[in-house]
Amino acid sequence: MDTWIAPDTLFDGSDLRTGVALRLDGSIVAEVAPAPSTAVPLSGTVTPGFIDLQVNGGGGVMVNSTPTADGMRKVAAAHGTLGTVAILPTVITDDALVLDAVTDAAIAAKGDKGILGLHIEGPHISLIRRGTHASEFIRPMDTRTLDNVRRLRAAGVAVMITVAPEATTPAQISELCDL
């Protein structure tokens, strides 16, 4: 059964609109149209859910220090309370064992509500432009990281990886693109 909801304002991704309503087919937004007289009024603004592609933590949990599927779920849930519907949990430059654990966690969390995959931010970054990343863990791209990305992609997990050009070879970039 269709339900019409008429918020005070609706942000459609480009414009703030008034006088419009959402037609819901179950839990799916099926249409945005002028508000019919039968629409249920809703105080406030309705917006699309936000997607954050770099999330190091939330809800008292940091991805690096709690590299588990449950940790990722807690981070996603915390961000969900503020309108973020999906995240890429992000592991930053750290010991290689942390990346191994986060890879296992991302595979275990595949398909969980709000978790889109994994963002690997470093350790293959510029030493002089490292920002908050610990210098002792910065290193050139290596087989271990490539193996982790291979495992993630073989499991169907989306991966975003941040690297510096001087920390990778053209062949490694090509391989990452092919995974």
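Reply: A nonpolar core is a set of buried Ala, Val, Leu, Ile, Met, Phe, Trp, Tyr and Cys residues joined through side-chain atoms within 4.5 Å, and buried here means under 20% relative accessible area. Please keep in mind that this is a predicted model.

Me: How many residues does the largest nonpolar core have, and which of them have the most contacts inside it?

Reply: The largest nonpolar core has 24 residues, and those with the most contacts inside it are Met72, Val91, Val102, Ala106, Leu118, Ile120 and Leu152. At least two residues of this core come from each of helix H1 (69-80), strand S9 (84-92), helix H2 (96-108), strand S10 (117-121) and helix H3 (143-154). The largest share, five residues, is supplied by H2.

Me: If I take Ala106 as an example, with which residues is it in contact once its neighbours within four places in sequence are left aside?

Reply: Leaving those neighbours aside, Ala106 is in contact with Met72, Leu118, Leu152 and Val157.

Me: Next I would like to read the sheet: what is the order of its four strands, and is the pairing parallel or antiparallel?

Reply: In general, strands of a sheet pair through backbone hydrogen bonds, either parallel or antiparallel. In this model an open sheet of four strands runs in the order S6-S9-S10-S11, and the pairing is parallel. Its edge strands are S6 (50-55) and S11 (158-162), each of which pairs on one side only. On average, and with direction ignored, neighbouring strands of this sheet are turned by 20 degrees against each other.

Me: Over how many bridges do S9 and S10 pair, and which residue in S10 does Thr90 stand opposite?

Reply: S9 and S10 pair in the parallel sense over three bridges, and Thr90 stands opposite His119 in S10. Helix H3 packs on the sheet, where it touches S10 and S11, and the direction of H3 makes about 155 degrees with that of S11.

Me: Now for the charged side chains: how many salt bridges does the count come to?

Reply: The general idea is that side chains of opposite charge can pair when their charged atoms come close. Here the count comes to 10 salt bridges. In one of them, Arg23 pairs with Asp2, and the closest N and O atoms are 2.9 Å apart. This pair links distant parts of the chain, since Arg23 lies in strand S3 (residues 20-25) and Asp2 in strand S1 (residues 2-11), 21 residues apart.

Me: Is Arg23 buried or exposed, and which residues are linked with it in a network of salt bridges?

Reply: Arg23 has a relative accessible area of 19% and is therefore buried, given that the cut-off is under 20%, whereas Asp2, at 37%, is partly exposed. Asp2, Arg23 and Glu31 are linked in a network of salt bridges. Apart from its neighbours within four places in sequence, Arg23 is in contact with several residues, among them Trp4, Ile28 and Val29.

Me: Where do Asp70 and Lys74 lie, and how far apart are the closest N and O atoms of their salt bridge?

Reply: Both Asp70 and Lys74 lie in helix H1, four residues apart, which is about one turn of the helix, and their closest N and O atoms are 3.3 Å apart. Asp70 counts as partly exposed at 40% relative accessibility, and Lys74 likewise counts as partly exposed at 45%.

Me: What does the salt bridge between Arg73 and Asp112 tie together?

Reply: The side chains of Arg73 and Asp112 meet at 2.5 Å, N to O. Arg73 lies in helix H1 and Asp112 in the loop between H2 and S10, so this pair ties together parts that are 39 residues apart in sequence.

Terms used: Residues are numbered from 1 along each chain as its sequence is written. This is a predicted model: local features need pLDDT of at least 70, side-chain atom pairs count only at pLDDT 80 or more; totals for chains, interfaces and linings use all residues. Side-chain values use heavy atoms; hydrogens and water are left out. Buried means under 20% relative accessible area, exposed over 50%, partly exposed in between (1.4 Å probe, protein chains only). Contact means heavy atoms within 4.5 Å. A salt bridge is a side-chain nitrogen of Lys or Arg within 4 Å of a carboxyl oxygen of Asp or Glu. Two strands pair if DSSP finds at least two bridges between them. Axes are lines fitted to C-alpha atoms, for helices over the stretch in contact, and angles run from 0 to 180 degrees between N-to-C directions.
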